Amino acid sequence: MQKKRKNFISLLAIITVSLLLMVAIYFSNLVLTEMRISQSHSKASQAYYLAEAGINEAIWKLQYDTTTGDGDKAWADDFVESATCETFSDSFTRTNTLSQDSSYTVTIQSSECARGDIISTAEILLPNGNTVQRVVKTRVFKSLNPSSTQNSAVFTGGASEVIRFMAGYMNIYDGNMFSNNNIILQLVSTLRAYDNPETTDVEEGKVAAANNINKSLLSTIISTGQCAQNIFNPEASCLAAGFTRPPSKIDMPMIDFDSADAASYKSRAQVLGTVYTSEEFEDLMWNNQNLTLNNAVTYVTGSIELRGGQTITVNGSLVADGNVTIGERSCWYKNILNWRCGNSQLTINHPADTPSGLMTKRKIGAGLFLETININGLLYANDELSLVSLPASFNIVGGMMARKMSLVSVWQALNITLDNDLINEAIGDPTYSPIVQIEHWEETY
């Protein structure tokens, strides 16, 4: 009996140990499987971002990779030049990127000029010999620069933006005001668009919006014609103003700020040795309260702020990557012993055969401590142009362009005289926008 009991216990122990061993093996396999799955998911994410990196490199090449003379294809040129753009194709591979066993291959095939499909395939080798792969496909294009902005001295090209004018007095001479969305006059505002038949063959002085023109009861618009969706009898009023009903939307003309093309503003400034960081330009202004820039192009890789009674005279173009603010702060403090205060002034002159103006990729803002702005050329903000000021003098001969405008001049006159030659000279003649835009994006395995 005792022997049978011992045999039973031994058998039970063996069975128990076997079950525990099986459970241990099961959980070990489960843990290893989860680790493999986790590693696979991690590598899959890495492969996706690696494929994205290939897309971003391709877009960079489409913007900046110009002719190098080494026999390789120059993507930025071949994508848009008429001799090659309709059949342009190329590929490249990058190996040992994130790790020794990772790579991506990128191909591009154009469908027409300045439009094509990019495919980026990324692969990462796993320790077990398998490969994780991710594929990202995108369709990209460069839009055509508009050849006309309807002779607009004041123009906004953002599809969802407006011209908002409040408590001000604006005179537009020999040109139109055009908004891709709405024109809004608030409080007591007066907008006058004059036509001078002695200086132009085309009757100007028109106010047009692709959507609506709205004004308060105390605001006034005086013009040769108005065109918008909410104007009474828009068919007749738009036809009288020389527009379709409603006026067609017009894209924002794009300026080549900093591409590798020799005609870009940054490239021209690099040749002249007049590219500054924000800090370098700050020092230049601090050391020269009445600063005159005589170079054709001065380019700042960052923001610009005029304050503390700063006066700048530009004989050419002042161009920036970042925001430009004028007179938003009265005083400028370097330290407790070094400071100055006062209103700021900006003058831009147009030398013969030289583009002129103030242009930025970001925003332009003018504040209460702006004394004068006198520009012969183009005032251009690729984002918003904001004026909240009481300028003693605000005169532009050329034009104003932005994606959005917000103007509060507190009954001080803003005078803008259209000069299409100065506008076109400042914009340059890029057939296509220098910006590569994404039309379609998808991920496949």
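A residue is called buried under 20% relative accessible area, exposed over 50% and partly exposed in between, with a 1.4 Å probe and protein chains only. The model is predicted, so local features need pLDDT of at least 70, side-chain atom pairs count only at pLDDT 80 or more, and totals for chains, interfaces and linings use all residues. Residues are numbered from 1 along each chain as its sequence is written, and side-chain values use heavy atoms, with hydrogens and water left out.

**Exercise 1. Classify Trp60 by its accessible area, then describe its ring pair with Tyr64.**

Step 1. Trp60 has a relative accessible area of 48% and is therefore partly exposed. Tyr64, at 24%, is partly exposed.

Step 2. A pair of aromatic rings is described by the distance of the centres and the angle of the planes. Rings of Phe, Tyr and Trp (its six-membered ring) pair if their centres lie within 6.5 Å; planes under 30 degrees apart count as stacked, over 60 as edge-to-face and the rest as tilted.

Step 3. The centres of Trp60 and Tyr64 are 5.7 Å apart and the planes make 45°, a tilted pair.

Step 4. Both residues belong to helix α1 (residues 2-64) and stand four residues apart, about one turn of the helix. Helices (H or I, at least four residues) and strands (E, at least two) are DSSP runs, numbered from the N terminus.

**Exercise 2. Find which residues of helix α5 are buried and how they are arranged around the axis.**

Step 1. In α5 (residues 278-287), the buried residues are Ser278, Phe281, Met285 and Trp286.

Step 2. Viewed down the axis of α5, these buried residues fall within an arc of 140°, so they line one face of the helix. The arc is that of the directions from the helix axis to the C-beta atoms.

Step 3. Glu279 and Asn287, on the other side of α5, are exposed.

**Exercise 3. Describe the surroundings of Ser317.**

Step 1. Ser317 is part of strand β20 and is buried, at a relative accessible area of 0%.

Step 2. Contact means heavy atoms within 4.5 Å. Leaving aside neighbours within four places in sequence, the residues in contact with Ser317 include Tyr265, Val297, Pro355 and Met359.

Step 3. A polar atom of the Ser317 side chain lies 2.7 Å from the backbone oxygen of Pro355. The backbone nitrogen of Ser356 lies 3.5 Å from a polar atom of that Ser317 side chain.

How values were computed
A polar contact is a pair of N or O atoms within 3.5 Å; within protein, one must be able to donate a hydrogen and the other to accept it, and residues adjacent in sequence count only if both atoms are side-chain atoms.
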